[in-house]
Amino acid sequence: MNAPVNPPKLHDCRDAFASTLERLAAEDETIVAVCNDSVGSSKLGGFKSRFPERLVNVGIAEQNMVGVGAGLANGGRLPFVCGAAPFLTGRSLEQIKADISYSNANVKLVGISSGMAYGELGPTHHSIEDFAWTRVLPNLPVIAPCDRIETAAAVAWAATYSGPCFLRLSRVGVPDLLPEGHRFELGKANLLRQGSDVTLIANGTLTHRIVKAAEILADRGIDARVLNLATVRPIDEEAIIAAARETGAIVTAEEHSIFGGLGSAVAEVVVDYAPVPMKRLGVPGVYAPTGSAEFLLDEYGMSPSAIADAAQALIKRK
């Protein structure tokens, strides 16, 4: 009889963000944190204790928060502007466009509790449009790390990058997928599993689900390639084109609307350079209802088994 397998430990990427930011701030006194009455949800308590003079809490005023971040950057500071993703992006889109993107301000926007992490609070708190809103803006890299290791690496990268960026972080626990010491490279996909029959692509909280889906497909005799595409803009065209040409079918999965997000970004590359059958899994153009993130992802066909079924069905179209 096989011994029981212990489930992998789950980590909150916000913890990796906060600890990395504190370490960087200890090394660079220009780093400041700006938040919208979200010290707790952004995990900035430790930062506040260590660097009280470098934490600016503007209150529930996201548009002002983005403007404050731009002003601090213009004054030579390195601001990490943190807030719940639906409000940081939705309420502040004009300020992000004019004060950050158009001005190419050196501001690091950090959308906390993205996707449907606030599931129980309902549609107003879901952030399933933020990829579409942010990836259309020039000068603004859009990044959704898959685990705590990639989160820490992306934060460290952001601190050295000269220009704005948007980091999309969930509060939903995820297992480690990348090796310790991983270095983040903007616009580069991570190949998590080689395969020749179909390619599964995701980022953020969905990455570990497509890894599990690939394992299910392997049990069915299907060889699935797995790509973690943390950078939505600029996207890794080379990896996508190779996947299309070498596997002949692509499934994307995202904690976002199927319109304008990761799947759309991948499809734009595929249709231009290597047209193959695709299936985009995500929220199908509706307001997701109230419910836990796990429940909602499963409800919209993004359980590992459902992803595997979608991939198997897509292969028949090759």
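**Entry 1: around helix α9.** I looked up the residue just after α9 and found that Gly248 takes a positive phi of about 80 degrees there. The model is a predicted one, in which local features need pLDDT of at least 70, side-chain atom pairs count only at pLDDT 80 or more, and totals for chains, interfaces and linings use all residues. Residues are numbered from 1 along each chain as its sequence is written, and side-chain values use heavy atoms, with hydrogens and water left out.

I noted what a helix is here: a DSSP run of H or I with at least four residues, while a strand is a run of E with at least two, both numbered from the N terminus. Helix α9 covers residues 237-247, and its buried residues are Ala239, Ile240, Ile241, Ala243, Ala244 and Thr247. Buried means under 20% relative accessible area, exposed over 50%, and partly exposed in between, with a 1.4 Å probe and protein chains only. I then checked what these residues pack against: β8 (198-202), β9 (224-228), β11 (250-257) and α10 (262-273).

**Entry 2: the sheet.** I traced an open sheet of 7 strands with mixed pairing, in the order β2-β1-β3-β4-β6-β5-β10. At its edges are β2 (55-57) and β10 (231-233), each of which pairs on one side only. Two strands count as paired if DSSP finds at least two bridges between them. Strands of a sheet pair through backbone hydrogen bonds, either parallel or antiparallel. Leu109 has Phe166 in β6 as its bridge partner.

**Entry 3: His126.** I found His126 in the loop between β4 and α6 (130-135). Is His126 buried or exposed? It is buried, with a relative accessible area of 3%. I listed its contacts, meaning heavy atoms within 4.5 Å. Leaving aside neighbours within four places in sequence, His126 touches Pro86, Gly115, Met116, Tyr118, Gly119, Ala288, Pro289 and Leu296.

**Entry 4: the whole chain.** I counted 12 helices and 12 strands in the protein. Buried residues make up 57% of its 318 residues. Along its principal axes the C-alpha trace spans about 60 × 50 × 40 Å. Among contacts between residues at least 6 apart in sequence, I read that 77% join residues at least 24 apart.
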